[in-house]
Structure formats: C-alpha cells, structure tokens
Amino acid sequence: MRFAVIQFPGSNCDMDTVRAIREVTGAEADLVWHARKDLSDYGAIFLPGGFSYGDYLRPGAIARFAEAMDGVRRAAEDGRLVIGICNGFQILLEAGLLPGAMRHNDHLQFRCEIVPVRVERADTPFTSGYEPGQVIRLPIAHGEGNYYADDGTLEALERRGQVVFRYAGENPNGSRNAVAGIVNEAGNVLGMMPHPERAVHRWLGSEDGRALFVSMWRAGRERQLV
Amino acid sequence: MYTARVYVTLKASVLDPQGRAVERALHALGYGEVRGVRVGKVIDVTVEAPDAGAARRRVEEMGRRLLANPVMETFEIESVKPASGAAVEG
C-alpha cells in the first residue's frame, strides 16, 4: 500500500510524517502537493500538522478548498484510510469529513508537551496495534485543540464509539469529553490532535506512535487498499 | 463596487476562551460591572455587483461557505455600502 502525505503551504509536520511512515512500515510514502486532485493511487492519505495558509480565518478553513481535498473526499467515500493529525484534524473538521469544530484552547496558551492519551478503541484500522484502554504517551503541540461539538453530536459520537483517543491526564485544551481523536461513522477517517509521527523513537521521548503506523499498514494489506 | 461588513461571532452556546480572558482582564482593571465579553471578527468584503442587494446575496453565500464555520459561529452582514473611492451608482 502506498501512503500519501499532503503538503499545504504552511504544513510543517509533512517530512516528519513521511519519515515516520518509511521508518516504521518500510512502505512507500510520497509527499503530494495540495494542488493534485487525483489521489486514487494511494491507500492511505495523511493530512499533516502545521499551519496551513497561516491558520488565517480559522485553522483549516482555507486548506479545505484545496484541490487535493477532492481526492481526500473520494478516498473517504470508497473506504481508503484518511488521517488528519493536528492541523490535519482541523482541516477534516472544516471539510465536514468529521463532525465538530476546533476552538482556541480554554487557557489560550499554546501547549507543547507529551501527554497521556487513552486508546478507547483498538478495533479501528488505525489502532489495532494497541490494547483497548491502553494509556500511551504522545506529544501535543497546538493552540487550537479545544474540540467542540453540540450536545446531540457529542452524545452520538460517544454512543457509536467514535471517540478513539481521549486525554487520560489533565485535559490540556478544554476539549469536550476530553476528546483527543475521533473517527467517522465508517471508521476509515481519523482526526487526532496528538502527534504519533513525533513519537516513533525512544530518543524522541516516546515510541508509542509506532503502533498507529503499523496498524494502518496492516489494515491496508488486509483490505487490499492500493 | 460595494463593501459589505460581515460580523462573525461564536454562537451564544459556545464558550469563548478569548472573551473570557478579556472579561477577567477588565475585572482586574476595576471594571467590576462587566458581565460578559464575546470576541468576534469583522470582515470587510469589497465586491463587484450591479446593486447592493446582489452584493448582499453574494456575501451571504460567502459567509455560509467560508467566512463563518456554522458548527460554532454565526455571521451577520451589518452593512452594504458603496465602496469608498468607487462611483456611486443608482
């Protein structure tokens, strides 16, 4: 399976993500410019962290109209894997591929630290390498990770088990229900604020992100994604 | 040409961290009477349009599609005026 990492103007975790994919899975990972519409070659697509378009207006608000988002939408529809990390999560929310929106952190600070995160679901293509309920350590680095969804949406997310990652210690941004990552109803689109690509070697402070890449690689092969 | 002034604010039901911080700062400055602060955005959009009504309709569409995120924000077009420097027509 081939991985794509979409590069927007202002992405800054794109190379980390490419390296993490290659080093952990040995699979091919291409950096794909945001103006490319056709992403049918790829079984898994990453929207990396950063500050696409300077976060102007709202994080992700402008990136969601990029040509590549057509290809991302198509991949989401036909069951290929789509994952948005940090700014990528914000883009997926703005694009309506995941429900909810992101507010400024409740304390208005930019938080950059390693935090404990609980894996609520280990039966998704992104998390099969973890144990259900396992608490892992992942870095966060964001000023706008304060997840918001109205009561009805939040209740539906919880009922369907769409909350995949939840902050296990102090809630670092005020997100509702301590949400750190959610999947869509079909389970093939994940958005998360923590950075698994920054946690793939012990010398990075944690290697707890590796299992996410392994899970995706395995799911891609099992499902015979391109 | 017309300039539309668009106000974007967080919905009343959505907690506004910036507004809360400003409220606390105002209290600290001695403005104990402050009972609420909401921080929003003002966006001025200048458009080519045959008349003010047409300009407003287009800007409303822009508001729905991009300027505001309907999940947590609402927007209002406060005014549509002939753009400064442009000839005033009919």
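Reader: In which order do the 9 strands of the open sheet in chain A stand?
Author: In this predicted model, the pairing within the open sheet of chain A is mixed. Strands here are DSSP runs of E with at least two residues, helices are runs of H or I with at least four, and both are numbered from the N terminus; two strands pair if DSSP finds at least two bridges between them. Across its 9 strands, the order is β2-β1-β3-β4-β11-β10-β9-β6-β7.

Reader: Which strands of chain A form the edges of that sheet?
Author: An edge strand of this sheet pairs on one side only. In chain A, the strands with this arrangement are β2 (29-33) and β7 (135-142).

Reader: By how many degrees does the twist average from one strand to the next in this sheet?
Author: Axes are lines fitted to C-alpha atoms, for helices over the stretch in contact, and angles between N-to-C directions run from 0 to 180 degrees. From one strand to the next, the average twist is 25 degrees.

Reader: What angle does helix α2 (residues 68-77) of chain A make with β3(A)?
Author: This helix also packs on the sheet, where it touches β1, β3, β4 (81-85) and β11 (189-192) of chain A. Between the directions of α2(A) and β3(A), the angle is about 130 degrees.

Reader: How are α1(A) and α5(A) oriented to each other?
Author: The axes of α1(A) (residues 14-25) and α5(A) (residues 210-222) come within 9 Å and cross at roughly 70 degrees. Angles under 35 degrees count as roughly parallel, over 145 as roughly antiparallel, 65 to 115 as roughly perpendicular and the rest as oblique. The two helices, α1(A) and α5(A), are therefore roughly perpendicular.

Reader: Which residues of α5(A) make the contact with α1(A)?
Author: From α1(A), the contact involves Ala20(A), Ile21(A), Glu23(A), Val24(A) and Thr25(A). On the side of α5(A), the residues are Arg210(A), Phe213(A), Val214(A) and Trp217(A).

Reader: In which order do the 3 strands of the open sheet in chain B stand?
Author: The pairing in this sheet is antiparallel, and the order is β2-β1-β3. β2 (41-47) and β3 (73-82) of chain B each have a single partner strand, so one side of each lacks a neighbour in the sheet. Strand β1 (residues 2-10) of chain B pairs with β3(B) over 9 bridges.

Reader: At what angle to β3(B) does helix α2 of chain B run?
Author: Helix α2(B) comprises residues 52-67 and lies across β1, β2 and β3 of chain B. Relative to β3(B), it runs at about 155 degrees.

Reader: What is the mean pLDDT of chain B?
Author: Residues are numbered from 1 along each chain as written, and chains are lettered from A and ligands numbered from 1 in written order. Local features need pLDDT of at least 70, side-chain atom pairs count only at pLDDT 80 or more, totals for chains, interfaces and linings use all residues, and side-chain values use heavy atoms, leaving out hydrogens and water. pLDDT is the predictor's confidence in each residue, from 0 to 100, and 93% of the residues of chain B reach 70 or more. The mean for chain B is 92.

Methods
Contact means heavy atoms within 4.5 Å.
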